[in-house]
Amino acid sequence: MTSRLKLVGLVAVPALLAAAVPSAYAAAQPHTTRAAITGDVLKGLGHDAARTGAVSASKRISVAISLTPRNDKALDTFIANVSNPRSSSYGHYLTKAQFAARFGRTDAEVKQVKDFLRAQGLTVGKVHSGNLLVDASGTAAQLEKAFGTKLSTWKDARSGRAFYANETAPTLPTGIAGLVSDVTGLNNRAQLHRQSTSTVAPRNGPDGGYTPAQLKGGYNVSGTYTGSGQKIALLEFDGFQQANITKYDTNYSLGSPTPTVSKVDGGSGALGDGQVEVELDIEVLHAIAPKANVTVFEGPNSDAGEVDTYQAIVDSGIPTTSISWGASESQRTTSNINAVDAVFKAGAAEGLGFYAASGDDGSDDAGDGTTTVDFPASDPYVTGVGGTKLTVTSANAFSKEVAWSGGGGGKSSVFKIPSWQTAVQKSAGGGYRQVPDVSAHANPSPGVSIYSQGTWTSVGGTSAAAPEWAAFGALYNQQAAAAGKANLGFANPALYTASGTGFHDITSGSNGAYSAATGWDFTTGWGSYNAATLATKLLG
């Protein structure tokens, strides 16, 4: 189970001006003490970053305030049962309304938080489904007053990138501190990176890379199942051009539905170098599940934008999500990780499955010479997808598969090992969450054939592997619907219960610190899927 953020450290602060506080709030909430939100400040400020000044008082900043679920332990228990194929509760997911009523904060509690924010001059935005996330915005000066901290500008010693961050952990009046677990958006240091690598290695694609026929053949995807009637979400921090998707679909005669775009917090802005990532994700989904309906959620590449974009996906109820963006656990604040984890937990309770790329830097995700893993692939409510090199025959059938040296894998430094993973617990894991859970083709030589930015190319990376697995999720859900059974939802408990049945067990190759081995391992997890046999196993 995850370790939830706790509010500690009561400190005396001056009383807030009564004139600025709504009378009902002022009467009920003394402001003589505050509680700090621990873990909500970047590590290493002043050591690996130099302070360059103060944030302009008038700079407008958006934040997302995460609230602690009611009955958090009961929520963990519910998810464990609803996701366990051996439980009588398996597949009996909650609706959004049921989740809010059972685990969300009450309307009165949410109002209490909103009243406080407005009293500080902040603009309160959306309260998301589940009553666990509240958007707000204001000037730097207003945020400093509201959360009792100082916002400064910094320069990263390693990259030279400028960013802003709070110097100390934010604080809140004790009357509402127990409701809040995180204030996301007080720093913008972390920029999530895409997990893809471009190369050209001629195969059957117009300019290299595996074609839809090779991917489907290699993973034994039946032509009977196309993802028809299913929905898949993509989390993205850049945009795409439909003309490129149309070119790809037309070349391979896929007849896929046009993707829908959902912009979160204004979207991701002008097209950038992440365009190839978005087009890779869409085209890989079309390659394996060509008839599934894809919704691209485009949000700002910021802490607050990330949380809001994940929440928008949960709000949508789309059952399967592919994630190709992430950052090392060591490059995030603990509270930011917990805020995103809370959204994944809500999704798991509501029957939603998330598949995340495990990274393209092997066992050293942070690139600092240590063994680190990528988040969100390390989250216990996410299926982390590692990388392999797939070889197919001339008839497009599976031939062999080895671990890709760039595939992310290792142990989490944040999350303890979940119950469904203890059966394959390794001593090298030290009792922490082990990554990845599964894997798929990611080696850039050959990569996968895609059409992006007006040209054919070949792209690899675990950004290709994540949508390969999300596509399987959609194909499975199509079969489950036909059989009158529930969606796969949060897949890990079911995948681990399968104990290797329906997987290509990958036993050779290394990602640096770890080597592939029989059964589950730190390089490829359980391995890649044989779609037909794995679906049969999961359907029971």
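Biologist: Which residue with a positive phi follows α4?

Modeller: In this predicted model, α4 covers residues 107-119 and has 13 residues. The residue with a positive phi, near 90°, that follows this helix is G121.

Biologist: What distance does α4 reach from its first C-alpha to its last?

Modeller: At 1.5 Å a residue, a span of 18 Å is expected for α4. The helix comes close to that expectation, and its reach from first to last C-alpha is 18 Å.

Biologist: Which residues of α4 are buried?

Modeller: Residues three or four places apart in an α-helix point the same way, because there are 3.6 residues a turn. Buried here means under 20% relative accessible area. The buried residues of α4 are E109, V110, Q112, V113, D115, F116, L117 and A119.

Biologist: Is R189 buried or exposed?

Modeller: R189 is in the loop between β10 (180-184) and β11 (193-194). Leaving aside neighbours within four places in sequence, R189 is in contact with L42, K43, D48, A49, D156, R161, F163 and Y164. The relative accessible area of R189 is 17%, and the limit for a buried residue is under 20%. R189 is therefore classed as buried.

Biologist: How are α8 and α9 oriented to each other?

Modeller: Two packed helices are described by the angle between their axes and the distance between the axes. For α8 (residues 242-251) and α9 (residues 275-288), the axes come within 10 Å and cross at roughly 30°. Angles under 35 degrees count as roughly parallel, so α8 and α9 are roughly parallel to each other.

Biologist: Which residues of α8 and α9 make the contact, and how many are nonpolar, polar and charged?

Modeller: The crossing of α8 and α9 is right-handed. On the α8 side the contact is made by N244, I245, Y248 and D249, and on the α9 side by Q275, E279, I282, E283, H286 and A287. By class, the contact of α8 with α9 has four nonpolar, three polar and three charged residues.

Biologist: Is α12 parallel or oblique to α14?

Modeller: Helix α12 (residues 462-482) packs against helix α14 (residues 531-539) with axes 10 Å apart and at an angle of about 50°. That angle makes α12 and α14 oblique.

Biologist: How many nonpolar, polar and charged residues has the contact of α12 with α14?

Modeller: The crossing of α12 and α14 is right-handed. W469, F472, Y476, Q479 and A480 of α12 meet A531, L534, A535, L538 and L539 of α14. By class, that contact has nine nonpolar, one polar and no charged residues.

Biologist: Where does P376 lie, the residue reached from F375 by a cis peptide bond?

Modeller: Most peptide bonds are trans. The bond from F375 to P376 is cis, with omega near 25°. P376 lies in the loop between β19 (374-375) and β20 (383-392).

Biologist: What is omega for the cis peptide bond from V435 to P436?

Modeller: P436 is placed in the loop between β23 (432-435) and β24 (438-441). The peptide bond from V435 to P436 is cis, and its omega is near 0°.

Biologist: What is the phi of N71, and what is that of N396?

Modeller: Most residues other than glycine have a negative phi. N71 lies in the loop between β4 (60-67) and α2 (72-82), while N396 is in the loop between β20 and β21 (398-403). Neither value is negative: phi of N71 is near 55°, and phi of N396 is about 65°.

Notes:
Residues numbered from 1 in each chain as written. Predicted model: local features only at pLDDT ≥ 70, side-chain atom pairs only at ≥ 80, totals over all residues. Heavy atoms only, no water. Helix = DSSP H or I, 4+ residues; strand = E, 2+ residues; numbered from the N terminus. Expected span 1.5 Å × (residues − 1). Buried < 20%, exposed > 50% of the residue type's maximum accessible area, 1.4 Å probe, protein only. Contact = heavy atoms within 4.5 Å. Axes fitted to C-alpha atoms, helices over the stretch in contact; angles between N-to-C directions. Parallel < 35°, antiparallel > 145°, perpendicular 65-115°, else oblique. Left-handed = near helix turned anticlockwise from the far one by under 90°. Nonpolar A, V, L, I, M, F, W, Y, C, P; charged D, E, K, R; others polar.
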